[in-house]
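Q: Hi! Could you walk me through this one?
A: Happy to, let's have a look together.

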Amino acid sequence: MIDLRSDTVTTPTTEMREAMVEAEVGDDVFGEDPTVNNLEQKVASLFGFEAGLFVPSGTMANQLSLNVLTNQGDEVLIDKTGHIFNYESTAAAHLSSVLLKTLEGHRGKLSVELLNDNVRGTHDWDPNTKVISLENTTNKGGGCCYTEDELNEIREFADTNDLKVHLDGARLWNAMTATGTDPQFYSSIADTLSVCFSKGLGAPVGSMVLSSQKNINTARRMRKMWGGGMRQIGLLAAAADHAIEYHYPLLEEDHRRAKELARTIDNCSQLAIDIESVETNILIFDVKEGTAESVIPVLEEEGVRIVPFGPQTLRATFHFQVTDEDLEKVKATFKEQFS
Ligand SMILES: Cc1ncc(COP(=O)(O)O)c(C=O)c1O
């Protein structure tokens, strides 16, 4: 089965498993795991932040970020397709008692024009607008990337309006691959950044929150409170480190394959895709007639898995365990079934 449902379906390679076995470990609740300590320092300096905190999931990284940036009753501005709004089980309400205000961005991206219309006033009855929450690349937005100019403008707007910026960078690795942006840039535009090692990078577990030392100290305390204190996690940090070293450079190939499939889909009379929207490893496309659900068994019968992403919308996602040979098979299947 060629699995294009998500870039999270990868399995650890033999080399990654070997790196995990060889990792030096200690009790991270005592701060004594050398491998995780090294990874936190390495990723923090890569992105130009003071400190980092290894956490089990992207969801926890996002929620810790919002928690350190807000007080109860604050409001967070986010695109309506944002992961934090759609797929984190109302955690922001439960864990931080904040309101998420969703905005109609473009392909998951916010703009200064949009933000400008949505910062509230300062009356007692106004929710206190506090954070702009961005996603890069945008998952539900189809893997789109912000340009540096767009992010600089949003940072400037945030500073002028006394707002903080959180960047959900679960797939920032893909964004950097596509845009060539220097990792250091992101600490100039975000107060908190979350990155994942378990999406296209292929580690089995793990994300990181990056911010100032003060924010990371608070996040570390909250992680413990939320039951996320872990012990010999050098095993997981070693997998993440291996993923950065050996799988990050492979993302370029995923993007090439995604664009190639997009061209095939564009030539299928029963399907519709905006080719320009395919910037990284995610493709979002529509079936012109019938439902997205009805497409799934047709493809599964041919050994290809993707996911429905709306009534007539589907998503296919590339990762390093989909080869060129797999791509040829997928393209042939699409041509055969949907031309
Ligand atoms: C953009 C984005 N942010 C955060 C997450 C959450 O990651 P996790 O599944 O590790 O909680 C995901 C998961 O796919 C995601 O796509």
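Q: How far apart are the end C-alpha atoms of residues 3–286, and what is the helix and strand share of the span?
A: The end C-alpha atoms lie 19 Å apart, and the span is 42% helix and 17% strand. Helices (H or I, at least four residues) and strands (E, at least two) are DSSP runs, numbered from the N terminus.

Q: Which feature does UniProt place at residues 3–286?
A: The unreviewed UniProt entry lists "domain: Aromatic amino acid beta-eliminating lyase/threonine aldolase" there. UniProt positions are in the numbering used here, feature names are shortened, and annotations may be inferred rather than shown by experiment.

Q: What kind of model is it, and how are residues numbered?
A: It is a predicted model, where local features need pLDDT of at least 70, side-chain atom pairs count only at pLDDT 80 or more, and totals for chains, interfaces and linings use all residues. Residues are numbered from 1 along each chain as its sequence is written, and side-chain values use heavy atoms, with hydrogens and water left out.

Q: Now the domains: what does the assignment give?
A: Domain 1 is 2–6 + 250–338 and domain 2 is 14–248, with bounds from an automatic or database domain assignment. Their centres, taken over C-alpha atoms, are 28 Å apart.

Q: How many residues are in contact between them?
A: 15 residues of domain 1 are in contact with 22 residues of domain 2, contact meaning heavy atoms within 4.5 Å. About 1500 Å² is buried between the two domains, and carbon and sulfur atoms give 54% of that area. Buried area is the accessible area (1.4 Å probe) that two parts lose on being put together, summed over both.

Q: Switching to rings, how many aromatic pairs are there?
A: A search of the whole structure finds 7. Rings of Phe, Tyr and Trp (its six-membered ring) pair if their centres lie within 6.5 Å; planes under 30 degrees apart count as stacked, over 60 as edge-to-face and the rest as tilted. One of the pairs is Phe-285 with Phe-334, edge-to-face at 5.9 Å centre to centre and 70° between the planes. Phe-285 lies in strand β10 (residues 282–287) and Phe-334 in helix α14 (residues 324–338), so this pair ties together parts 49 residues apart in sequence.

Q: Are those two buried or exposed?
A: Both Phe-285 and Phe-334 are buried, meaning under 20% relative accessible area, with exposed over 50% and partly exposed in between (1.4 Å probe, protein chains only).

Q: Which residues form one aromatic cluster?
A: Phe-47, Phe-54, Trp-173, Phe-197 and Tyr-248.
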